[in-house]
Amino acid sequence: MNSVTVRVPAKVNLQLAVGPLRDDGYHDLVNVFHAVSIFDEVTATAETGMSVRVEGESADQVPEDGDNLAIRAALALAGHAGRSYGVNLVIRKAIPVAGGMAGGSADAAAALVACNELWGLGLPLEDLMEIAADIGSDVPFALLGGTAVGTGRGERLTPLEVSGTFHWVFALAEGGLSTATVYAECDRLRQATGEQVAWPRAAEPLLAALRSGDAEALGAGLSNDLQPAAVRLRGSLARTLAAGREHGALGALVSGSGPTCAFLAGSAEHAGELAACLKAADVARDVITAHGPVPGPVVR
Ligand code: ATP
């Protein structure tokens with residue numbers, strides 16, 4: 001086999017509960033991850049060295065060197081196997097870059113799956129999950145897909161039972177937001193207001209809505225502790241979120257650390273209508289529809 005292509009989805013956080021700042025600078029999180037049908041594609045081709053090329057959506061903002069998360073994943077996998085394998089990776093991006101939809105983590109997960117296949121390693125998912133956790137806290141979920149609760153830094157995962165399919169509209173913003181900057185702003189806001197930060201817990205009404213496939217209840221239960229910080233850093237998001245609510249979204253929130261905004265619709269048709277309204281309202285760089293949950297990386 002000379003070449004393997006893997007398709008990998010973006011994620012939205014249905015709940016992102018951020019606990020108190022820990023001594024090591026991280027936060028304990030409860031993160032309800034949900035994989036949605038916006039896909040990057042990673043093609044791994046046998047080569048002597050390690051190289052990466054990025055095409056598509058905002059490709060110019062993605063590093064094409066050892067900082068690329070997909071290359072880091074390939075190197076980590078080769079290290080785990082104890083061999084000096086080579087690979088050329090071509091990433092076709094559709095997931096917005098620095099958009100709070102874990103595009104880089106998705107590419108890392110896709111690279112692990114593609115190189116595992118290309119190099120004939122045959123490692124089981126559990127081994128790939130361990131390597132993934134060392135690359136970044138969102139990478140294990142990117143390998144798993146579907147819907148899952150992540151605890152710790154987000155890397156300890158429990159898959160969730162979900163009935164049916166949910167329909168989403170995503171409003172993509174101009175430029176990204178740095179995840180580290182958004183967390184720092186969240187800490188600053190909490191300190192300034194003297195807010196008592198509770199230990200993060202998964203919201204039972206949200207989990208019940210997922211189990212029963214109740215879109216209205218899910219819309220009411222969406223929450224993101226990073227949202228005030230993201231809106232503070234990017235004031236225009238308040239207008240984007242308000243426009244979605246005014247046009248009948250069942251729920252509206254900033255995805256992860258933003259600046260992408262996610263809106264829940266009642267059906268595929270409703271999602272199409274909502275997307276048209278948001279486009280007409282001119283509150284985003286682009287507006288796309290998607291559905292979830294979808295499976296994790298798939299070899300094509
Ligand atoms: P998260 O939701 O996990 O916080 P994000 O969606 O906000 O992440 P990414 O798209 O993953 O952000 O990118 C964050 C940064 O990581 C980018 O600014 C980019 O420089 C770097 N990066 C490294 N590798 C990649 C990659 N393969 N795709 C996208 N960004 C990458």
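Mentor: Ground rules before we start: residues are counted from 1 along each chain as its sequence is written. Since the model is predicted, local features need pLDDT of at least 70 and side-chain atom pairs count only at pLDDT 80 or more, while totals for chains, interfaces and linings use all residues.

Trainee: Okay, why is Val169 called buried?

Mentor: A residue is buried if 20 or more other C-beta atoms lie within 10 Å of its own, exposed if 12 or fewer, and partly exposed in between, with C-beta atoms placed from the backbone. Val169 has 28 other C-beta atoms within 10 Å, so it counts as buried.

Trainee: Where does Val169 sit, and what does it touch?

Mentor: Val169 is in strand S7; strands (E, at least two residues) and helices (H or I, at least four) are DSSP runs, numbered from the N terminus. Leaving out residues up to four places away in sequence, the contacts of Val169 include Phe263, Ala271, Leu278 and Val287. Contact here means C-beta atoms, placed from the backbone, within 7 Å. The C-alpha atoms of Val169 and Ala268 are 9.6 Å apart, although 99 residues separate them along the chain.

Trainee: How do you know that the buried residues of H9 are on the same side?

Mentor: In H9 (residues 236-246) the buried ones are Leu237, Thr240, Leu241, Ala243 and Gly244. They span an arc of only 155 degrees around the axis, so they share the same side of H9. That arc is taken from the directions from the helix axis to the C-beta atoms. Ala238 and Glu246 are exposed, on the face turned away from the buried side.

Trainee: What do the buried residues of H9 pack against?

Mentor: Among their partners are strand S7 (166-172), helix H8 (227-233) and helix H10 (268-281). Just after H9, Gly248 has a positive phi of about 95 degrees.

Terms used: Contact = placed C-beta atoms within 7 Å.
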